[in-house]
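User: Hi! I'm new to protein structures and would like to go through this one with you. Could we start with the pockets?

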Amino acid sequence: MKLPPFSMLDIDQRKLYAEAPIDGAILITGPPGTGKTVIAAHRAIKLSSLGKPVVLGMFNKVLRRYTSHAEQLNSVKVVNMDRWIRSWYQSGF
């Protein structure tokens with residue numbers, strides 16, 4: 001997978017990206033094809049470049065597999081949300 005360059009994001013996507021806090025999680029929602037994965041991937045790349053530990057959660061296994069092959073995300077952990085929730089729950093109890 002090759003991510004579209006940041007310059008290809010539309011105004012709303014850039015606004016969401018710019019207004020997201022650096023020190024916290026965000027939840028991006030929207031219908032299919034609105035660029036949620038692209039925005040999340042660009043944010044993960046930026047945070048990773050700042051030395052922050054990044055986990056990029058994908059809704060399903062197919063999307064996780066597809067996204068995890070992006071060249072730009074080689075320093076980002078990409079996980080399926082079901083697996084991440086199970087791991088988080090087991091570590092707490």
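Analyst: Happy to! Helices (H or I, at least four residues) and strands (E, at least two) are DSSP runs, numbered from the N terminus. This is a predicted model, in which local features need pLDDT of at least 70 and side-chain atom pairs count only at pLDDT 80 or more, while totals for chains, interfaces and linings use all residues. Residues are numbered from 1 along each chain as its sequence is written, and side-chain values use heavy atoms, with hydrogens and water left out.

User: Which element gives the most residues to the lining of the largest pocket?

Analyst: A pocket is an open set of points on a 1 Å grid over the protein atoms alone, where a 1.4 Å probe fits, with protein on both sides within 12 Å along at least five of seven lines; lining residues have an atom within 4 Å of a point. Here 25 residues line the largest pocket, and Ile26, Ala40, Val55, Leu56 and Gly57 lie nearest its centre. Two or more lining residues come from each of helix 2 (36–49), strand 1 (55–58) and helix 4 (81–92). The top contributor, with 6 residues, is helix 2.

User: And which element has the largest share of the lining of the second largest pocket?

Analyst: This pocket has 10 lining residues, with Gly33, Gly35, Lys36, Thr37 and Leu63 closest to its centre. At least two come from helix 2 and at least two from helix 3 (61–68). The largest share, 3 residues, belongs to helix 2.

User: Which backbone oxygen does the side chain of Gln13 reach?

Analyst: Gln13 sits in helix 1 (residues 11–19). Its relative accessible area is 12%, so Gln13 counts as buried (under 20%, with exposed over 50% and partly exposed in between; 1.4 Å probe, protein chains only). Apart from neighbours within four places in sequence, Gln13 is in contact (heavy atoms within 4.5 Å) with Thr34, Gly35 and Ile39. At 3.0 Å, its side chain reaches the backbone oxygen of Thr34.

Terms used
Polar contact = N/O pair within 3.5 Å; in protein donor to acceptor, adjacent residues only side chain to side chain.
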